[in-house]
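This briefing is for a reader new to the structure. Look over the sequence and the model first, then go through the points by topic.

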Amino acid sequence: MTNQRQIDDDRPLAEMRGGVKKYGAVIALAGIDFAVQPGEVVALLGPNGAGKTTAVQLLLGLNRPSGGEVRLFGQDPRSTAARVRVGAMLQVSKVPETLKVSEHVNLISSYYPNPLPAAAVMAAAGLLGLENRLFGKLSGGQRQRVLFALALCGDPDLLFLDEPTVGLDVEARRAFWSVIENKASEGRSVLLTTHYLEEADALADRIVLISHGRIVAEGTPAEIKSRVAGRKIRCHTVLTLAEASALPGVRAVRREGELTELFTNDADRAVRELLLRDPSLSGLEVEGADLEEAFLALTGADTKEEVAA
Amino acid sequence: MSTTTMNTATAATAAAIPSGRRSVARILALESKYEFLKLLRMPAYVIPTLAFPLVFYMLFGVALRQGPASTYNFPTYLIATYGAFGVMNAALFGLGVGLAVERGQGWLLFKRATPMPPLAPYVGKLVMCMLFGAIMVSALFTLGATAGSVRLPLATWLSLAGVQILGAIPFAAFGLAIGYWAGPNSAPAIINLISLPAAFGSGMWIPIQMMPGVVRKIAPFLPSYHFAQLALKTIGMDDHRESAGQGVTVLAVSTLLSLGLAWVGWRRDEGKTFG
């Protein structure tokens with residue numbers, strides 16, 4: 001009971017319906033529907049350029065949607081009433097370097113009617129002892145924690161974390177995850193964007209997978225992982241694309257010149273089947289598919305066309 | 001440690017549930033205070049802003065006093081115009097470079113995502129550059145009254161300081177426009193390219209009456225000329241080409257044009273953020 005926050009009703013905290021954003025001829029978001037429910041940790045997962053940051057900026061009222069509707073706590077996201085309930089950690093390359101950590105926290109806290117006490121902010125972000133340090137004198141991990149602290153200042157019901165661990169080493173990333181988990185465990189809702197599947201898996205209750213401005217999959221981390229965390233087999237084969245994609249366990253196939261790439265969840269089985277059907281197979285390589293390739297396999301229009309042909 | 005953290009935070013949340021209030025006056029005061037501290041700890045801003053007008057004054061106002069132009073009261077004239085020059089630079093650099101840098105870093109975007117009153121950072125920066133202007137003017141006056149042997153009635157010192165410090169407003173507005181149109185790296189260069197010739201052509205370094213005719217013809221097109229003239233009027237050393245009302249009107253129009261330019265730049269910036 002103590003670690004659940006009071007939310008007035010069951011409406012989504014943040015909601016986007018048919019969200020479209022165009023920058024001139026470039027379509028950053030091509031019609032997205034999703035919502036963050038009370039108490040939920042949602043990860044927007046996608047490769048760079050997928051439209052994650054654009055989605056966050058629309059939800060925060062930092063950018064006008066070209067189409068569709070965006071609500072934050074049922075209101076216009078630019079309204080002060082919505083903004084006092086939100087905390088955001090954006091991709092800020094630098095915070096003014098000649099102010100101390102405590103000064104930054106003090107200023108941002110002053111914007112909110114019910115700020116957290118500075119000591120609680122420092123403790124939650126793991127910054128105790130660094131209060132009097134100038135921002136410019138902090139390490140990369142400490143800087144990210146300051147940005148996180150600034151998102152917590154207003155004691156928000158909903159936290160936006162845009163690529164919170166980008167640029168951190170593995171150790172700092174894990175330390176940061178536990179800081180975020182701590183806050184989420186208080187029943188605070190979180191919308192996180194990341195291009196690390198591992199990060200979405202570690203933190204989120206639900207993953208929304210986006211690519212080229214569209215939602216391509218949505219589900220629990222386990223469901224998403226089974227779809228994208230596959231292996232990539234590269235080889236020269238005489239099999240047609242249609243034959244290759246019909247192999248057991250093969251999710252998608254792509255051909256570039258002589259080279260055929262197969263995406264699969266069960267590489268051992270797919271390789272056995274491949275060798276069975278094409279004894280002349282050569283140049284076989286098996287590697288982990290990175291997220292970007294997994295997205296291509298899930299969404300790439302070119303793959304589908306080739307498969308169809 | 002995590003349990004303690006959670007308990008503290010939860011207790012704080014519970015205590016904070018009755019709706020609190022924030023004070024806009026307190027926000028503006030903090031914003032101004034931290035803008036001031038931010039730049040005070042930045043030698044690249046403090047030294048040019050505070051030291052340049054003082055060093056120039058020592059060179060041209062005090063050291064050259066005995067030179068060929070000694071018939072003219074340089075020390076008194078230059079108190080008015082170097083003060084104006086210093087305030088103009090403090091405002092152009094404080095607003096222009098400050099905004100261009102914070103915009104480039106994504107810091108302004110972050111602040112817009114908070115419930116910050118939308119004008120707070122601009123008010124903070126304006127107050128900050130007026131404070132720097134006031135400090136610089138006080139130092140310049142001290143130097144003038146001692147090394148420059150300038151003697152003025154107290155009321156004149158005060159009205160001169162008032163005109164100089166208020167003069168920050170039109171140049172802060174122009175700095176705002178530069179901050180929204182220039183990048184973080186180009187902003188300082190652009191400001192120097194504008195402010196140094198403008199200061200020279202407005203009679204801030206050499207009395208306008210001693211300038212060639214062509215410079216005197218161009219000067220009225222420069223807002224800095226009108227600012228210098230308003231400062232000079234308080235000590236009765238202006239060139240008598242316009243009334244105080246005309247000077248104030250030109251600066252007010254220039255302020256509005258700058259704000260319009262800044263607004264267009266802001267709109268352009270708003271549509272550009274992409275990721």
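Is Phe73(A) buried or exposed? Phe73(A) counts as buried because 22 C-beta neighbours lie inside 10 Å; a residue is buried if 20 or more other C-beta atoms lie within 10 Å of its own, exposed if 12 or fewer, and partly exposed in between, with C-beta atoms placed from the backbone. This is a predicted model, in which local features need pLDDT of at least 70 and side-chain atom pairs count only at pLDDT 80 or more, while totals for chains, interfaces and linings use all residues. Residues are numbered from 1 along each chain as its sequence is written, and chains are lettered from A and ligands numbered from 1 in the order in which they are written.

**Two loop residues with positive phi**

- Phe73(A) sits in the loop between strand E4 (67–72) and helix H2 (80–83) of chain A; helices (H or I, at least four residues) and strands (E, at least two) are DSSP runs, numbered from the N terminus.
- The phi of Phe73(A) is near 50 degrees, which is positive although the residue is not glycine.
- In chain B, His240(B) belongs to the loop between helix H11 (223–234) and helix H12 (244–270).
- His240(B) also has a positive phi without being glycine, near 60 degrees.
- With 11 other C-beta atoms within 10 Å, His240(B) is exposed.

**The sheet of chain A**

- An open sheet of 6 strands in chain A has the order E5-E6-E7-E3-E8-E9, with mixed pairing; two strands pair if DSSP finds at least two bridges between them.
- Strand E5 (86–89) and strand E9 (214–219) of chain A are at the edges with a single partner strand each, so one side of each has no neighbour in the sheet.
- From one strand to the next, the twist averages 15 degrees; axes are lines fitted to C-alpha atoms, for helices over the stretch in contact, and angles run from 0 to 180 degrees between N-to-C directions.
- E5(A) runs parallel to strand E6 (residues 158–162) of chain A, and 4 bridges join them.
- Val86(A) has Leu158(A) as its bridge partner in E6(A).
- H5(A) packs on the sheet, where it touches E5 and E6 of chain A, and its direction makes about 165 degrees with that of E5(A).

**Nonpolar cores**

- The largest nonpolar core has 82 residues, of which Val121(A) and Ala149(A) touch the most other members; such a core is a set of buried Ala, Val, Leu, Ile, Met, Phe, Trp, Tyr and Cys residues joined through C-beta atoms within 7 Å.
- Helix H5 (residues 140–152) of chain A gives the most to this core, contributing 7 residues.
- Another core lies apart from it and has 67 residues, including Leu78(B), Met88(B), Phe174(B) and Ala198(B).

**Chain B and its helix H11**

- Chain B consists of 275 residues, and 44% of them are buried.
- Its elements comprise 12 helices and 0 strands.
- In H11(B), 12 of the 12 residues are buried, so the rest of the structure largely encloses this helix.
- Among the buried residues of H11(B) are Pro223(B), Tyr225(B), Phe227(B) and Lys233(B).

**Domains of chain A**

- The domain assignment, which is automatic or from a database, divides chain A into domain 1 (14–227) and domain 2 (230–308).
- Taken over C-alpha atoms, the centres of these two domains of chain A are 36 Å apart.

Note on methods. Contact = placed C-beta atoms within 7 Å.
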